[in-house]
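Please look over the model below before reading on. My notes follow as numbered points.

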Amino acid sequence: MPAVHHAMLTARLPCRRLEAYRSRLDPELMDVTMQTPPLDPDVADTAPPPTTLTGYDEQHLITYLRLLDAETDGADWKEVARIVLHIDPDREPDRARRAWETHLARARWMTEQGYRHLLRGGAPH
């Protein structure tokens, strides 16, 4: 993997997509609707099904953005699973692939539909 991909994936700071999304949101609305998500949380074996926004989604927004950035940059899925999802694809190939596929699909859903739920106040609590 080129050094630029590795550096992007391993960064503990918010990714460029997060900064772009934050710039579009009203800061007061952001403060009311949700807490700042963790930068590098552990993930479940599969992402939630794409029906409604969940607390899991709110906690994994940065994970989703990192997955989208990695896809855009052409990063290898195994490296992404290892670094972003914390799953070793050499030791657990099926689990790593399933987690990568479902979380990437969820990340795409968030860009198409899920973000609307965030703008309406976030996940039901």
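1. A word on elements comes before anything else. Helices (H or I, at least four residues) and strands (E, at least two) are DSSP runs, numbered from the N terminus. On that basis His60 lies in the loop between α4 (55–59) and α5.

2. Now the ground rules. This is a predicted model: local features need pLDDT of at least 70, side-chain atom pairs count only at pLDDT 80 or more, and totals for chains, interfaces and linings use all residues. Residues are numbered from 1 along each chain as its sequence is written, and side-chain values use heavy atoms, with hydrogens and water left out.

3. The overall picture is helical. The protein has 7 helices and 0 strands. In sequence order the pattern reads α-α-α-α-α-α-α. Of its 125 residues, 39% count as buried; buried means under 20% relative accessible area, exposed over 50%, and partly exposed in between (1.4 Å probe, protein chains only). The accessible surface is about 7,100 Å², and 53% of that belongs to carbon and sulfur atoms. Those areas come from the Shrake-Rupley method with a 1.4 Å probe; for residues, only the protein chains shown count as cover.

4. Contact means heavy atoms within 4.5 Å. Among contacts with a separation of 6 or more, 69% are between residues 24 or more positions apart.

5. Back to His60. Its relative accessible area is 4%, so His60 is buried. Beyond its neighbours within four places in sequence, His60 contacts Pro41, Asp42 and Val43.

6. Helix α5 covers residues 61–72, which is 12 residues. From first C-alpha to last it reaches 17 Å, close to the 16 Å expected at 1.5 Å a residue. (The expected span is 1.5 Å times one less than the number of residues.) Because 10 of its 12 residues are buried, α5 is largely enclosed by the rest of the structure. The buried residues of α5 include Arg66 and Asp69. Gly74 follows α5, and its phi is positive, near 75°.

7. What does the largest nonpolar core contain? It has 23 residues, and those with the most contacts inside it are Leu67, Val80, Leu85, Ile87, Trp100 and Met110. The elements giving two or more residues to this core are α5, α6 and α7. Helix α7 supplies the largest share, 8 residues. A nonpolar core here is a set of buried Ala, Val, Leu, Ile, Met, Phe, Trp, Tyr and Cys residues joined through side-chain atoms within 4.5 Å.

8. Check the tryptophans. The ring centres of Trp77 and Trp100 are 5.8 Å apart and the planes are at 40°, so the pair is tilted. Rings of Phe, Tyr and Trp (its six-membered ring) pair if their centres lie within 6.5 Å; planes under 30 degrees apart count as stacked, over 60 as edge-to-face and the rest as tilted. Trp77 is in α6 (residues 77–83) and Trp100 in α7 (residues 93–119), 23 residues apart. Both are buried.

9. Arg106 and Pro48 are 58 residues apart in sequence, yet 7.3 Å apart in space, C-alpha to C-alpha.
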